[in-house]
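Look over the sequence and the model before you start.

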Amino acid sequence: MSKKILIFFLLLFVATVGLIAGFWGVKKAKPQERNFTIEARQYAYSPERIVVNRGDKVTIKLSSKDVTHGFYLEGHDIDAKIRAQYPHFWLRHPSQSDEYEQVDEINFVAKKSGKFRYRCSITCGTFHPFMQGELIVEPNFLYPASVGLVIGLSFACLFYFYRKET
Amino acid sequence: MIDLFEKIPILKRIVTLRVFPYLIILPNIFFFYLLLFAGLFGTPVGNRNIIVVFVWILWWAILIAVMVPFGSRIWCTMCPLPAIGEWLQRMTLTRVRPGETIRGFKGKFFGLNKPWPKRFQNIWLQNIGFLILACFSGFLVTRPIVSVIVLGGMIVISTILALIYRMRTFCMYLCPVSGFLGLYAMTAKIALRRKDPEVCKSHRGVECYLGSVKGYPCSWFQNVCTMTRNNYCGLCFECVKNCDAGNIALYWRPFCSDKEIKGYDETWKAFIMLGLAFVYSVNLLGPWGIFKDWVNFTESGKWLGFILLSLAIVLLCVAVLPGIYWLFIYWAKKLSGNKEVSLKNLFIKYSYCLVPFGLLAWIAFSVPLIMINGSYIISVISDPFGWGWNIFGTANFSWKPFFPNWVPYIQIPLLLMGLFYSIKSTYEIGQNIFSDNKQLVRSLIPITIFLGAVTLVFLRLYVG
Amino acid sequence: MKKTIEILIEFIAFFALIFIFVGLPLVINWYDSSYLPSRYPKGTKIINLTAKVSQNSCLWTLEKVNSFNYWWKKFKFAEEISVREGDKVVFRVHSADVLHSFAIPRFRIGPYEISAGKVKEITFDARREGSFKYLCWLWCSDCHGDLKGRVIVSPSD
């Protein structure tokens with residue numbers, strides 16, 4: 001078998017394993033309503049990680065334990081400002097406005113699946129750049145797919161070297 | 001493999017200019033001076049102070065993602081930290097002072113010019129130094145004053161060392177950056193090598209190594225006639241200035257061409273770098289507040305946690321990771337069925353498998369950092385000290401991540417590429433150890449499993 | 001001839017270094033102390049006020065807070081800031097760590113948000129004499145209550 005064809009089929013194998021793993025990781029669940037209260041402190045959020053399913057209606061209430069923090073949720077056009085000792089917080093949508101509006105909760109539907117981090121967007125002290133949490137919207141297709149790619153690539157490499165004549 | 005000096009003749013003309021490294025070091029002296037000023041007199045808020053933003057967000061990302069894989073140790077060519085020491089040694093900025101201060105070498109040197117003690121002529125000191133810095137890395141990247149202490153300290157130490165020891169002793173044996181630059185430079189696409197071995201054989205004199213009227217001896221103690229790896233070549237191009245026969249080429253070559261690890265010090269560096277990529281991904285880029293509290297112990301008060309964490313980091317890099325790797329090496333030897341191959345030799349030679357993956361894991365760590373926090377670069381150039389300046393009008397550019405949704409699509413291919421090159425390189429190394437291809441591939445299976453497992457750990461952290 | 005050029009280049013190289021070592025702090029100092037203040041109307045009084053809240057000791061200070069002294073210096077609390085009636089004043093309000101706000105309610109100034117590491121410039125005319133409270137208006141940290149002082153406007157003679 002010519003080298004180029006072998007490599008092509010190996011790559012195809014790797015990609016297939018990846019895709020299968022990705023789809024296998026897909027769980028189908030009925031959309032629910034989810035409520036979360038996230039408390040920000042220097043320098044982490046609590047809870048640190050929240051998991052929802054695609055299609056869920058998510059409601060998030062934010063509070064701060066000590067100083068003013070931000071809450072910038074990747075991929076959802078959400079940026080909030082949270083002040084300590086205050087029952088409300090402020091929300092803006094970065095693509096639409098620079099101004100914040102006072103709100104009591106954030107509501108959105110988890111339309112996109114994947115891993116989205118929420119980060120602090122207001123300098124709150126020394127470790128501010130590393131202050132972040134994770135929102136997982138299942139099915140997090142990329143994760144099992146990349147695991148599949150790793151397994152497929154490993155097998156493909158070993159097979160290719162096995163077939164090589166010294 | 002192309003010789004860049006032949007492809008781009010102006011390149012050779014530039015590096016043979018006596019004024020050459022000085023010309024590119026000068027802007028960096030300016031920047032470092034500015035950064036040190038900012039670190040002392042600027043705002044204590046890290047992300048608004050140019051020293052933290054430029055060094056730990058901008059320079060670090062460019063170094064690990066561009067300079068090392070494409071340019072080998074090109075940073076060392078332009079590094080301002082040892083420059084003052086070197087200029088004091090040579091008592092000149094751009095000229096060559098003829099004389100014979102060091103026995104056997106050409107060139108007049110100021111200072112004591114002692115040889116570095118033989119027992120420290122390895123990178124163990126750099127390994128230790130880098131681990132210590134890593135434990136305090138939380139402070140290093142968030143507090144401008146700590147960056148001043150470390151970078152300023154490196155300038156002071158390298159200058160003092162330059163007056164006591166020979167040439168670039170600091171760079172070779174003490175600089176923490178040099179430790180990993182040397183290891184990862186093995187993957188680099190450029191390499192300075194001698195062209196035709198016959199020319200060197202019939203050439204009387206070793207000007208490239210010992211110096212001549214045209215140039216100083218190699219400050220890195222490397223003999224380019226016999227140099228086969230990038231590890232300790234600081235790309236100062238002094239040898240190119242010295243070589244009468246023009247027998248030195250700057251090759252552009254495939255990624256991961258240098259594959260030989262020579263010794264436990266380099267092996268342990270590979271463990272330390274991989275372990276730290278994991279540790280930083282957990283502590284700094286992870287969501288877990290407890291680790292940040294421990295890392296930030298002067299503010300959180302959790303000094304006990306800090307001690308435990310530092311111990312865990314050191315043990316992971318120095319004992320746990322090498323231990324797990326050793327188990328896989330033992331399995332590799334058993335599986336191969338080859339009884340003659342030395343376990344020690346396999347342990348050291350195969351440890352290169354951590355180099356391509358380690359580098360790509362570090363790039364996968366650093367690229368998101370600059371994408372998420374790169375907007376600070378834009379605001380800080382207008383207000384470098386946080387004093388309320390607005391030189392270029394961008395001081396009020398607000399923080400926003402650049403395309404954060406692309407990050408996993410960048411990290412996954414990088415990790416896969418690292419995995420591929422690591423497996424491929426280990427196979428190529430094994431060809432010099434195992435004569436039988438089947439034995440070789442069998443020995444590769446445990447290594448592949450080990451590398452695959454490490455990749456999965458990083459995947460879980462980044463996209464899981 | 002060649003040697004002369006070499007020596008000339010060496011001199012220029014050396015001069016360039018000296019130029020940087022001496023010039024950079026001079027330029028920075030000139031820009032911050034002369035050029036920027038000159039952009040305000042003549043006679044403007046510039047007051048640099050910094051909020052700092054580390055280790056649960058909140059304070060406003062008129063002293064310079066920088067990356068070095070922030071960690072150890074015991075800053076003097078700016079209990080009273082003195083200006084003359086009729087002065088044009090520019091408050092340059094800094095925050096050394098977290099988000100603060102600044103207001104002088106009886107002059108209808110503020111509340112303005114002061115971001116960490118950034119400076120907010122507030123101009124006002126000291127029209128009335130008297131003693132006016134200035135404070136951090138919105139809750140900023142545990143010792144927020146300590147962040148207040150007085151602006152004393154004394155009569156012009």
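Domain bounds here come from an automatic or database domain assignment. This is a predicted model, in which local features need pLDDT of at least 70, side-chain atom pairs count only at pLDDT 80 or more, and totals for chains, interfaces and linings use all residues. Residues are numbered from 1 along each chain as its sequence is written, chains are lettered from A and ligands numbered from 1 in the order in which they are written, and side-chain values use heavy atoms, with hydrogens and water left out.

**Exercise 1. Find the domains of chain C and the distance between their centres.**

Start with the bounds. Domain 1 of chain C covers 1–39, and domain 2 covers 43–154. Next, take the centres over C-alpha atoms. They are separated by 37 Å.

**Exercise 2. Locate the disulfide of the structure and describe its setting.**

A disulfide is a covalent bond between the sulfur atoms of two cysteines. The rule here asks for a pair of cysteine sulfur atoms within 2.5 Å. Over all chains, the structure holds one. C:Cys58 and C:Cys143 form it, with sulfur atoms 1.8 Å apart. The angle about the S-S bond is 75°, and the link of C:Cys58 and C:Cys143 is right-handed.

Then place both ends. Helices (H or I, at least four residues) and strands (E, at least two) are DSSP runs, numbered from the N terminus. C:Cys58 sits in the loop between strand E1 (45–52) and strand E2 (59–61) of chain C. C:Cys143 sits in the loop between strand E8 (130–135) and strand E9 (148–154) of chain C. The pair is 85 residues apart and links distant parts of the chain.

**Exercise 3. Describe the interface of chain C and chain A.**

Count the residues first. Contact means heavy atoms within 4.5 Å. Chain C gives 10 residues and chain A gives 13.

Now the area. Buried area is the accessible area (1.4 Å probe) that two parts lose on being put together, summed over both. Chain C and chain A bury about 910 Å², with 57% of it on carbon and sulfur atoms. C:Val98, C:Leu99 and C:Trp139 supply 52% of what chain C buries against chain A, more than any other three residues.

Turn to charge. A salt bridge is a side-chain nitrogen of Lys or Arg within 4 Å of a carboxyl oxygen of Asp or Glu. Two are counted between chain C and chain A. One pairs C:Glu113 with A:Arg83, at 3.3 Å from N to O.

Last, sort by class. Ala, Val, Leu, Ile, Met, Phe, Trp, Tyr, Cys and Pro count as nonpolar, Asp, Glu, Lys and Arg as charged, and the others, Gly among them, as polar. On the side of chain C that touches chain A, seven residues are nonpolar, one is polar and two are charged.

**Exercise 4. Describe the interface of chain B and chain A.**

Again, begin with the count. Chain B brings 51 residues and chain A brings 38. About 4,100 Å² is buried between chain B and chain A, and carbon and sulfur atoms give 66% of that area. B:Pro287, B:Lys292 and B:Trp399 supply 13% of the area that chain B buries against chain A, more than any other three residues.

The rule finds one salt bridge across this interface. A:Arg41 and B:Asp293 meet there, 3.3 Å from N to O. Which element gives the largest share of the chain B side? H23(B) does, with 14 residues. By class, that side of chain B has 30 nonpolar, 13 polar and eight charged residues.
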